Amino acid sequence: MINKELTVFRRVNEAISHAPDVSAVAGALLDIVIDETSAENASIMMPSRDSSRLEIKAAKGAGDRRFRYSEDSLGNAFPMGTGIAGRVAQTRKAIVIPDASKDPLFQSLAMKIQVGSLLSMPLVYGKKELVGVLNLSHPRARGFGKRDMDLVKALLPPAALALRNARTMREMGDINAILKADLSMTDQAVDEFGRNIFRIFTCMSMGVLTSDPDGRITAANRKATGLLGLESGDSIASLLGEGVLLDLKSETREMTLDVERGGRVLSLEIATLPMKSSRQILVCVRDVTLERFKERELVRIKDQYKDMVENALDAMYIIKGGRLLLTNRKFQEMLGYGQDEITGRHFRRFITRDTITALKNSLRHQTGNVFVPNLEIQSRRKDGQNLYLEISIGRLVIDGENCYIGVVRDITSKKELLALKTRFLHVASHEIRVPLTVIRGYARMLAREAHTCLSPGQRENVQEIEDQCEKLLHFSNSLLDFAKINAETLTLHRQTVGSRDYLGAIARNMAIGIRDSRVKVALRGCESVPELYVDPIRFEQAVCNLIHNAIKHSPEGGTVTVSLERGIPDLNAMNRLLNRECAVITVLDEGPGIRVEEARELFSDFYVGTSGRAKGGIGLGLSITKEIVHAHGGSVEARPSDSGGCFVITIPLNSEDD
């Protein structure tokens, strides 16, 4: 083994004689590898000048005895870090693959040679300098023995040194050639070069002048003369001031200052340079009148917006890296902290544990720029008082980092009023249902005996009692639904439903229930939205309320049309900004239409429009619909019209990811 190593070192010294031809040195090293080890094929890869790629400098195989040289792969380059050799180059650690067929690192590509086992070794000079990567392969698995490994390890240091020396000699030769070419310039070429430099100096778009230490101009180009009105021989003392000139005369300095001249703002970049026999003052002049105007406007606008944010009626915040970067006065007053006590603190300090979970669920699956409106959370004031807050969250990705901005409103009083209203509604509903159940029971008992004991007029009275009981029960159920929504016990159980089957079933059920009114319910346009992600029961309630409302206001023989399309609503600026597609469900009837002044109020609690009062409405159906749609992250609106009512539900698509 010692004789083998001596032979290897002798042949490495012979390989160095091929320098500065790097490829020849690499080829000579591969001759040693092929002759002295079991390797059937070998290659040497070296980093490119910018170290971004590995280039094959030499490749040889034992089967090619005449040339032992593979020209097909020479010059091929691979990105650093990719492949087995790329990983070896990046980590400076060898990779040994005894059986390529079982190793996940080996990718079976379309290759001319069979690879059963593989060695990939880094050629490192000193401790860290990567010179190249030596790759050896054998067609059989476990083709390399301990003797081969020891011999290759002994070869690596001298081989790295030989390649590095060859590369260094080549680079020095290139530099010598460049210097020789530069020094071969004739006096005529130098004179021509000087004349070109003077032309460039004269025609520069930036004003440039030089002066002696006393401030007398020694050279000035055309632009400087035009901007300053000064020529060679004039003094720049009046331009810079005596104090600045004395500072420049006494020491080497660089400075920038703005001066006003002829109604324009000029930026002067001044430096002292050791030119000629004494220092020279170099002045570069630029007209920055427009730039300074824009800067002043930006500062003015920035201060204006800062004042607007600081004095806004709503609390506002900016969070970066989980910490409050900026809050306005209203935010600080709401939580009872001073600015110094909030700025830089983590937002978790100011909210409850349940709120943290709600925030995670709202933002977890959303990526990029998003907007979450009207999220209710709980917070704690400095004095320990709990607050209910309504918060909007906008997320922007800036420089790869998430920043959150938004508006906060204190809804503690509103929540207390809602709690009182909810308790009242529960009590009222209960007080209605108890006697109503008794009345309906007696009415049904009388109806069973109507044909034998009651006259036709009495039977009509009993039927009227039953009809009015059903109306009161419907009113009571609406009160309970409304109470649940206001108490925030409305829980959604979403799932994916086929839009055509789902809406078709709703339309058929409504049509069966209204046969006596002779109003048709038609469905169209579900092809563009094959699926919806909703709570089937709750969302059906919302759609049924709109269809029932349309049927109630349609003339006999009329048609209620339910349609489903996809698009980006024009009225929702946030959806347009985020290019977020929505499912749009439209319910059209042929009734008297909706007046402009009533369109917004129809979804208010207990609001009944002009035509609704005539139909016996109680003003809860549309309010419940609005809350259910909002819980799905959507919106519902009534569009004014003189002929036929039009209600539109909009919910985001892909809500499962939200």
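**View 1. Helix α2 lies across strands β1, β2 and β6 in this predicted model.** The helix comprises residues 22–36, and strand β6 comprises residues 129–138. Relative to β2, helix α2 runs at about 50 degrees.

**View 2. Helix α3 lies across β1, β2, β4, β5 and β6.** Residues 83–91 make up this helix, while residues 117–125 make up β5. The angle of helix α3 to β5 is about 30 degrees.

**View 3. Six strands form an open sheet with antiparallel pairing.** Read across the sheet, the strand order is β3-β2-β1-β6-β5-β4. From one strand to the next, the twist averages 25 degrees.

**View 4. Strands β1 and β2 pair in the antiparallel sense.** Strand β1 covers residues 41–47 and strand β2 covers residues 53–61. Seven bridges join the pair. Alanine 42 stands opposite lysine 60, a residue of β2.

**View 5. Val438, Tyr442 and Met445 form a nonpolar patch on the surface.** Together, the three residues have about 310 Å² of accessible area. Tyrosine 442 is located in helix α13, which spans residues 412–448. The relative accessible area of tyrosine 442 is 53%; because exposed means over 50%, tyrosine 442 is classed as exposed.

Note on methods:
Residues numbered from 1 in each chain as written. Predicted model: local features only at pLDDT ≥ 70, side-chain atom pairs only at ≥ 80, totals over all residues. Heavy atoms only, no water. Patch = residues over 30% accessible without salt bridge, like charges linked within 9 Å, V, L, I, M, F, W, Y side chains within 5 Å. Areas by Shrake-Rupley, 256 points an atom, 1.4 Å probe, with all protein chains shown as cover. Salt bridge = Lys/Arg side-chain N within 4 Å of Asp/Glu carboxyl O. Helix = DSSP H or I, 4+ residues; strand = E, 2+ residues; numbered from the N terminus. Buried < 20%, exposed > 50% of the residue type's maximum accessible area, 1.4 Å probe, protein only. Pairing = 2+ DSSP bridges. Axes fitted to C-alpha atoms, helices over the stretch in contact; angles between N-to-C directions. Contact = heavy atoms within 4.5 Å.
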